[in-house]
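This briefing is intended to be read beside the sequence and the coordinates. It begins after the display below and is grouped by topic.

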Amino acid sequence: MEDVIKYINENRETFINELKDFLRIPSISTLAENKKDINDCADFVMGKLMQSGMSRVEIFHTEGHPIVYGEWLGAPGKPTVLVYGHYDVQPVDPIDLWESPPFEPTIKDGKIFARGATDDKGQVFMHFKSVESFFKTVGTPPLNIKFLIEGEEEIGSEHLESFITNNLDLLKCDAVLISDTSLYAPGVPTLTYGLRGLAYMEVEITGPNRYLHSGTFGGAVGNPVNTLAQIISQLHDKNGAVTIPGFYKDVVKLTKKEKENFRRLKFSEKKFAAELGVAKLYGEKGFSTLERIWARPTLDCNGIFGGFTGKGAKTVLPSKATAKISMRLVPNQDPNKVAKQFETYIKKLAPKYVKVKVSNLHGGFPSMTSIESKASIAAAKAMETAFGKKTVFIREGGSIPIVTVFAKKLKAPVVLMGLGLNSENLHSPNEHFDLNHFHLGIISSANFMKEFSVK
Ligand code: BES
Ligand code: MN
Ligand code: MN
């Protein structure tokens, strides 16, 4: 391993420069105008996989964005690891809040700033470079490697599930390795064993058949914006719990042991609040902050619009109002079941004087992975060696819906070895990735390959 690590250390700057090329491609999956960039990005990934030493690299076209697959199976008798990640990124708005342009990677204080830096291009790239380092030094990696890099993660991985179902042999493996989560704190090696699921809904309220003068009609008809606000305000009770009937029915309660493990992680509510610029934290009564984020379901309004939202004042009674509402789910909640419960409840809450339309935009199951699998143990050791510290095990509040599909369809343990930080502004302006973590991630990845190759 010495030679491999030496190569990684010597090429630190080269790897960063290559990552910059990846970050320059505006591969925003949700916007039609970026379709060419998405295709360019898939081509870029293909090129980097070939450069890393994969013997077969292929782009699979879907009805959505392309899936890039790569493999090197030159270690017969050794285990096979499937590395999953995504090359698509979130939109950049609000653009005014970026201190450097989102697709002109900029290094400041040891961090690289760009859309996709931490979510997920920087983290995907670590594995490309770790694999390359074996080929460039000791000849070949110590196990078989497959890569599956998709372009639709940020829009719900719509076409990946059927791709997996239709290609079970191609994707057959002994473990799935994913770097698309966060470290518990800077410099602390971390494995994530639980992610929340998601049900993403849209509620549209329609009142009168056109926009009305709010003086000549105000008082005579229900205002959709007022009505939507009333409905939203009834979705939580005074203890911060969600009021949808049946919402908590399938929620698995935290065990004493897990509660104790959460408590043992150093966590300062005060520091957390200060960092977010709030005077006080808020959440469901009876639970700690880590419990609220990692192990309790939530409901949040992501955006709300309707009526006049321009500068100045305009007296108008709007005809429509819309809210985007997401629910984060925990084991064993089912996103389809929750979506139905939500729809029924919203329709019940809506007064007769408005029309209401509820749509289910996308969803995903929550996931839990074993921390006792051979792959998890290898990953914990790999990180420990790279960081020189003991690995901690955490759950996370975010979602990677495809994780349960991997577990169910490929029947392989999933390892979530994320190197990001939740403070790195993912999905937000000034997204960045700590270059020290990038470097340690490449070493962790290489250590994992070695560690997991030993039967
Ligand atoms: N990488 C994130 C998920 C994540 C981030 C998990 C940090 C744990 C810690 C992923 O790209 C993401 O943003 N997922 C979406 C889900 C999706 C269906 C749009 C999410 O969680 O909102
Ligand atoms: Mn991601
Ligand atoms: Mn994301």
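**Metal sites, helix packing and backbone geometry**

Asp 120 is placed in helix H4, where helices (H or I, at least four residues) and strands (E, at least two) are DSSP runs numbered from the N terminus. This is a predicted model, in which local features need pLDDT of at least 70 and side-chain atom pairs count only at pLDDT 80 or more, while totals for chains, interfaces and linings use all residues. Residues are numbered from 1 along each chain as its sequence is written, chains are lettered from A and ligands numbered from 1 in the order in which they are written, and side-chain values use heavy atoms, with hydrogens and water left out.

**The manganese pair**

- The manganese ion (ligand 3) and the manganese ion (ligand 2) lie 3.6 Å apart, with Asp 119 coordinating both.
- Donors here are N, O and S atoms within 2.8 Å of the metal (3.2 Å for Na, K and Ca); water is not among the atoms, so sites may look incomplete.
- Asp 119 has a relative accessibility of 7% and therefore counts as buried, on a scale where buried means under 20% relative accessible area, exposed over 50% and partly exposed in between (1.4 Å probe, protein chains only).

**Manganese ion (ligand 3)**

- Its protein donors are Asp 119 (OD), Glu 154 (OE), Glu 154 (OE) and His 427 (NE2), at 2.1 to 2.5 Å from the ion.
- Along the sequence, the donor residues of this ion follow the spacing D-x34-E-x272-H.
- The angles among the six donor atoms of the manganese ion (ligand 3) run from 56 to 156 degrees, and the site is irregular.
- Four donors count as tetrahedral if all angles lie between 85 and 135 degrees; four count as square planar and six as octahedral if opposite donors are over 155 degrees apart and all others between 65 and 115; anything else is irregular.
- Asp 119 belongs to helix H4 (residues 117–137) and Glu 154 to the loop between strand S6 (144–150) and helix H5 (160–166), so the pair ties together parts that are 35 residues apart in sequence.
- Glu 154 is buried, its relative accessible area being 15%.
- His 427 sits in the loop between strand S15 (414–416) and strand S16 (432–434), and at 42% relative accessibility His 427 counts as partly exposed.

**Manganese ion (ligand 2)**

- His 86 (NE2), Asp 119 (OD), Asp 180 (OD) and Asp 180 (OD) are the protein donors of this ion, at 2.0 to 2.5 Å from it.
- The spacing of these donors along the chain is H-x32-D-x60-D.
- The site has six donor atoms with angles of 56 to 166 degrees among them, and is irregular.
- Distant parts of the chain are linked by the pair of His 86, in strand S3 (residues 80–86), and Asp 180, in the loop between strand S7 (175–178) and strand S8 (190–195), which are 94 residues apart.
- Both residues count as buried: His 86 at 0% relative accessibility and Asp 180 at 13%.

**Packing of H2 against H14**

- Helix H2 (residues 12–23) packs with helix H14 (residues 435–453) at an angle of about 110 degrees, and their axes are 11 Å apart.
- H2 is therefore roughly perpendicular to H14; angles under 35 degrees count as roughly parallel, over 145 as roughly antiparallel, 65 to 115 as roughly perpendicular and the rest as oblique.
- Axes are lines fitted to C-alpha atoms, for helices over the stretch in contact, and angles run from 0 to 180 degrees between N-to-C directions.
- On the H2 side the contact (heavy atoms within 4.5 Å) involves Arg 12, Phe 15, Ile 16 and Leu 19, and on the H14 side Leu 435, Asn 436, Phe 438, His 439 and Ile 442.

**Backbone geometry**

- Asp 119 and Asp 120 are joined by a cis peptide bond with omega of about 5 degrees.
- A cis peptide bond also runs from Pro 331 to Asn 332, with omega near -5 degrees; Asn 332 lies in the loop between strand S11 (320–329) and H11.
- His 427 is not a glycine, yet has a positive phi of about 70 degrees.
- Asp 109, likewise not a glycine, has a positive phi of about 50 degrees.
- Asp 109 occupies the loop between strand S4 (106–108) and strand S5 (111–113) and is exposed, with a relative accessible area of 67%.

**Lys 337**

- Lys 337 lies in helix H11 (residues 335–349) and, at 36% relative accessibility, counts as partly exposed.
- Not counting residues up to four places away in sequence, Lys 337 touches Lys 249 and Asp 250.
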